[in-house]
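Hello,

Here is the structure I promised to pass on. Please open it first, then read the notes below.

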Amino acid sequence: MWLSYLLIGSVRALVGATPRWAGSKPEDRRRIYFANHTSHIDTIAIWSALPPNLRAKTRTAAAADYWGTGALKRTIALRALNAVLIDRKRADPGADPLRPLYDVLEAGQSIIIFPEGTRGLERLPAPFKSGLYHLAQRFADVELIPVYLDNLNRSMPKGTMFPVPLICTVRFGAPLPRVAEEDKSAFLERARNAVIELAR
Amino acid sequence: MNPSQKLYWLIGGVVALLIVASAIGHVLRARVKDEAAAAVVDNLNARVRAWWWMVAVFAAAFLLGRNATIVMFAFISFFALREFLTLTPTKIGDHRALSVAFFVLIPIQYLLIATDWYGLFSIFIPVYGFLLLPSISVLAHDTESFLERSAKIQWGLMITVYCISYVPALLLLPIPGFTGENPLLMFYLILVVQMSDVLQYVFGKLFGKTKIAPIVSPSKTVEGLVGGGASATLIGAAMWWITPFTPAQSAGMAFVIVVMGFLGGLVLSAVKRSLGAKDWGAMIEGHGGVMDRMDSVSFAAPVFFHATRYFFT
C-alpha cells in the first residue's frame, strides 16, 4: 500500500533506521522479533530494516485500545503496517489475548512484539510482560530474535507527535537460546537482558 | 574563458584526478602482500569511490545553479546536525527546540542566503538561535544539566549550520570585477580544503613518523601536515586564475584555509571523542559521517568568507 511506502520512506529519511545484524542474519524463517519500545515509529523502523521479502511476512502486534480507535490510527495500523490488534485490556476475560498472534505464527509468518507492553521513556527496556514467554512456550521451534532500537526514545518520545531527526540503528541480536525447565520470570529477565546487551 | 567554461574545465580536472586515484588504488590492490596493507588499501579505495559520489553530487548542484547549490548545502547541514545531535545527550525537554533547529532554523538560514540578506544571515543563529532555543527548552521545566544541553545544541548548530552555510554564502559577496564568478570562489575553497585533507593523509601515510596530537587525532602527523599543507597552499596559489586574487594573495588565502581546516579537523576530532565516538556516522563509505568530511570546511569557510569580504569588497 502506498501509505506503507510513505511511512517507511519518511522514517528512513528522518532517522535512517539502518539494520545491524549481530549474531543473526535476515533469513526467511519463522521468528519472533522482540524489541524495546519507546516511540510510535518503532514498528516502522524495524520494518524498514528488514529486507522487503521478509517485511511482507512479518506482522506486528499493536494495542487494540490505542490503534483500534479512530479511522486514521486504524488505517495506519491495519492497512499500512499490516498489524495484528491485541486486546491488552482483556475486554473478554475468557479469550486468550495472544490468540491473533498464534494465528500468524501458525500461518508460517513472523511477528514483531514489544514485550514491555507499552512505550517507555528510558533508553533501556522496563521489565517484560509475560506474552513473550507464552509465545515461546507454544512455539518451541520459532527463533526468538532480540532487537534494540537506539535513540528513538529521544527522537519521538511518548507524548510527542513528530520525530526529531536522530540516527537510529536497528540492532538484531543472536537468537535467544532455549533453556529447559526455566521458569517464567527467569526467561523474561534473560530475554530483557538480551535486548539490553545490544544497547551497549 | 567565461565562468561556466572555467567550471567545466575544473570539473574535468577533478574527474581526471579521480581517474588517476582510482587507477593507483587498483594497482596498489593488485600488489599488496599482507593483510594489514590490504585493509589500508581497501579503505583508500572505499574513500576514492565515495569521492566519485561526492564529486558527482557537487558537480550536479554547481551545474544546476545557485538555488540547487544552496539546497544541497542545506541538506549537508541537516545531515551534519543529525550526526552531531545523535551523539549529544539530549532530554525530552529539548524535543521542541530540536524540532525548531532542524525544521525552522536550517531552512531560514539558507533562505537568507537565497534572498541575499547578508545582515540577518550573519547574526541569525549566533543571536536569535542562541536566545530562542534555550527559551523553548526552558518551557519543559527541566533544570537537570540545562546549561550543558543548551550549550551543546547551540554548539552543534553553530558548526553544522552556521559555519557550513558560509560556503554557499560566498555567492553573496559583491566582489568588484568578479561579478557572476562567485561559484568559482566556492569551488576554490572546497578544492583547497579537501586537497589539504587528502594530501595530509597521503603525506602522512607515506612519510608520517611524528604524531602531532596522538590522543585527539592519532592519524595526524607533522610530516603529513607540512607536506600536505604546503602542497595544498601551492595548489591554491596555482588556482589564482579562478579567484579575484593575485597569485601571491591566492597563496596567502590558501594558507589561511589550510590552517583553519587543520584546526577544524583537530577541534572536531576532540569534540567527537568527548562525545564518545570514533566516527561521526557511517553515511560516507570509508570516510565515516558527513561531519568527518565537513569538519575542516566548517572552520575554514567563515574565516575565508570574512577575509575575502574584508580585503576584496
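Helix α8 of chain B is mostly covered, with 20 of its 26 residues buried. The helix runs over residues 182-207 of chain B. From first C-alpha to last, α8(B) reaches 37 Å. That is close to the 38 Å expected at 1.5 Å a residue. Bear in mind throughout that this is a predicted model.

One residue to look at in α8 of chain B is F187(B). Is F187(B) buried or exposed? F187(B) has 22 C-beta neighbours inside 10 Å, so it counts as buried. The cut-off for buried is 20 or more. Leaving out residues up to four places away in sequence, F187(B) touches L10(B) and I242(B). F62(B) and F187(B) are 125 residues apart along the chain, yet 8.9 Å separates their C-alpha atoms.

Now chain A. Helix α7 there covers residues 131-138. Which of its residues are buried? They are G131(A), L132(A), L135(A) and A136(A). In general, an α-helix has 3.6 residues a turn, so residues three or four places apart point the same way.

What do the buried residues of α7(A) pack against? Two helices of chain A are on the list, α6 (99-106) and α9 (184-198). So are three strands of chain A: β2 (31-35), β5 (110-113) and β6 (143-149).

The axes of α7(A) and α9(A) come within 9 Å and cross at roughly 105 degrees. From α7(A), the contact uses L132(A), Y133(A) and A136(A). From α9(A), it uses K184(A), F187(A), L188(A) and A191(A). By class, the residues of this contact are 6 nonpolar, no polar and 1 charged. L132(A) and A136(A) make part of this contact, and both are also among the buried residues of α7(A).

Last, the place where the chains meet. How many residues of each chain are in contact? The contact joins 11 residues of chain B to 10 residues of chain A. On chain B, α3 (66-87) and α4 (95-114) each supply at least two residues of the side that touches chain A. That side of chain B has 4 nonpolar, 5 polar and 2 charged residues.

Best wishes

Methods: Residues are numbered from 1 along each chain as its sequence is written. Chains are lettered from A and ligands numbered from 1 in the order in which they are written. This is a predicted model: local features need pLDDT of at least 70, side-chain atom pairs count only at pLDDT 80 or more; totals for chains, interfaces and linings use all residues. A residue is buried if 20 or more other C-beta atoms lie within 10 Å of its own, exposed if 12 or fewer, and partly exposed in between; C-beta atoms are placed from the backbone. Helices (H or I, at least four residues) and strands (E, at least two) are DSSP runs, numbered from the N terminus. Two residues are in contact if their C-beta atoms, placed from the backbone, lie within 7 Å. The expected span of a helix is 1.5 Å times one less than its number of residues. Axes are lines fitted to C-alpha atoms, for helices over the stretch in contact, and angles run from 0 to 180 degrees between N-to-C directions. Ala, Val, Leu, Ile, Met, Phe, Trp, Tyr, Cys and Pro count as nonpolar, Asp, Glu, Lys and Arg as charged, and the others, Gly among them, as polar.
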